[in-house]
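Subject: Structure for you to look at

Dear colleague,

I am handing over the structure we spoke about, with the sequence and coordinates placed just below. My notes on what was found in it follow after that, and I would be glad if you read them with the structure open.

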Amino acid sequence: MESNSLVINLEDISFSYPGDKLVLDHLSFHLHHGDRIGLAGPTGSGKTTLLHIIMGLLRPSSGRIELFGKPASEEKDFREARRRIGLLFQDADDQLFSPTVLEDVAFGPLNLGKSPEEAGDSALKTLARLGLYGFENRITYKLSGGEKRLVSLATVLAMDPEVLLLDEPTNGLDEETQEKITDILKGLNLSCIFVSHNLDFLSKTTDKIYAITKRKISLDEPLAPHPHIHAHRFGRLPHEHKP
Amino acid sequence: MIEEQFTTGESFIHSLDPRVKIIVAILFSVVVAVSSNFLALLPALAVSLFLIILARLSMRRVFYRLLLVNGLILFLWLFLPFTYQGEALFTIGPLVGTKEGVLYASQITVKCNAILLAMIALLATIPVFSLGHAMNELCFPDKIVHLFLFTYRYIHVIFQEYRRLINAMKMRAFVPGTNMHTYRSYAYLVGMLLVKSYDRAERIHRAMLCRGFNGKYYTLSRFSIKIGDILYLSLMLAAIVGLVFLQWRATA
């Protein structure tokens, strides 16, 4: 693999929240251009923390971060990288803060320096791409849970990111919306890291799945994704299986 | 939870530049608030009634809003006439109502309604997001603008969080009473809401940073001053100067 195809390079990252034990312990992680990586692990295992460290929202206590081949340590470096990496937050209410859907989706493109016309245009196109026709003037806080998630995804995709980081994108969604999101994500031609404890979802949307366990992240043992069919009572209802 | 009842409309007032409306609303309310003579206050009330008519709002809704505020003013009418020193006007049992008290109460009533009507016609007809943007353009401090917009957006979310907590309390057989347990539980509730809101604020800020936020707001709508705006602004400025003149002549 050429070095210039290395998009995200984390070396020896350690992190702990103030007054808490270590969440990440000398972790190294690489994402190459075109990689589709899934991160699985129980809640509280540091998956979200890892994504926030990549975005520069949290600073590791030790270690080195390189984004797009450049070392990133200060807010300025991350600010540059955030224009090219999109992160979808776990709670859509955190992501959607504008009164209307169109304004929220256009927020990112406007920050990238597009004119209001261009931004509005790309917002509408992104909404259409996700099948959200006629949503532009809806009030964000009145959307249903599934709609909020889809609109949040639109707000990230509207910025045309090169890398997509998703934090539990299927959490708390019904079967139908989960499938819709899975289909959309399968069709995207981006480098991505999807964090989820839903292995079915990860195996459908990613090429490699890494596991995070015991409050430490060990990326050396990739799990082999394998689709299988099984049957049990109430199998029709949305449900998850423990890894 | 907060409905923007008056923002949709096709009237002349709705088509005006929000910045112009904000400036007029501020100047008008300040002048009315410091005026004390009915020769100035009654024309001011007429001006704001004219604005309401011009905005073609649902009279029923406007009336309902006025009712809320005038409910408070009712209390002034209960107390002011009897507590103000002056010439006796009427007596109810041992209570003596004074002429000055009645005049003072009516002055406040006219002032309040004039300002409120102008606010409804001018400010309530601007969508909240445009209002924030216009405040930004008028060089209001960034922090005030952000506080304003975020309060608007997240009151609903915080209210839902409050409902969830209250329900969780009810599910465990909580019945409020006049005792320490109730006070403590409510204190926990309020404390929890504050902590949760703070956490949420942090997360929202992070989400905004991820989308390239650098402390500046850009919006889709652009404002442009039209002939109508200039005409309206000059007319209103003239009216406001007129009100100042009326007040000045009455007291001079």
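Chain A holds eight helices and 10 strands. Its radius of gyration is 18 Å, close to the 18 Å that the globule rule gives for 243 residues, so chain A is as compact as a globular protein of that length. Please keep in mind throughout that this is a predicted model.

Turning to chain B, the domain assignment divides it into domain 1, which takes in 12-128 + 223-251, and domain 2, which covers 135-210. The centres of these two domains of chain B, taken over C-alpha atoms, are separated by 34 Å. In the contact between them, domain 1 of chain B and domain 2 of chain B take part with four residues each, and the side of domain 1 that touches domain 2 has three nonpolar residues, one charged residue and no polar ones.

As for how the two chains meet, 27 residues of chain A are in contact with 21 residues of chain B. On the chain B side, helix H6 (128-137), helix H7 (142-171) and helix H8 (180-210) each supply at least two residues, and H8(B) gives the most, with seven residues. By class, that side of chain B is made up of 11 nonpolar, six charged and four polar residues.

H8(B) deserves a separate paragraph. With 31 residues at 1.5 Å a residue, H8(B) should span 45 Å, and its end C-alpha atoms are 45 Å apart, which agrees. Which residues of H8(B) are buried? They include B:Ile204, B:Ala207 and B:Cys210, and the buried residues of this helix pack against helix H2 (75-82), strand E6 (85-88) and helix H3 (92-95) of chain A. Just after H8(B), B:Gly212 takes a positive phi of about 80°.

With best wishes

How values were computed: Residues are numbered from 1 along each chain as its sequence is written. Chains are lettered from A and ligands numbered from 1 in the order in which they are written. This is a predicted model: local features need pLDDT of at least 70, side-chain atom pairs count only at pLDDT 80 or more; totals for chains, interfaces and linings use all residues. Helices (H or I, at least four residues) and strands (E, at least two) are DSSP runs, numbered from the N terminus. The radius of gyration is taken over C-alpha atoms; the globule rule is 2.2 Å times the number of residues to the power 0.38. Two residues are in contact if their C-beta atoms, placed from the backbone, lie within 7 Å. Ala, Val, Leu, Ile, Met, Phe, Trp, Tyr, Cys and Pro count as nonpolar, Asp, Glu, Lys and Arg as charged, and the others, Gly among them, as polar. Domain bounds come from an automatic or database domain assignment. The expected span of a helix is 1.5 Å times one less than its number of residues. A residue is buried if 20 or more other C-beta atoms lie within 10 Å of its own, exposed if 12 or fewer, and partly exposed in between; C-beta atoms are placed from the backbone.
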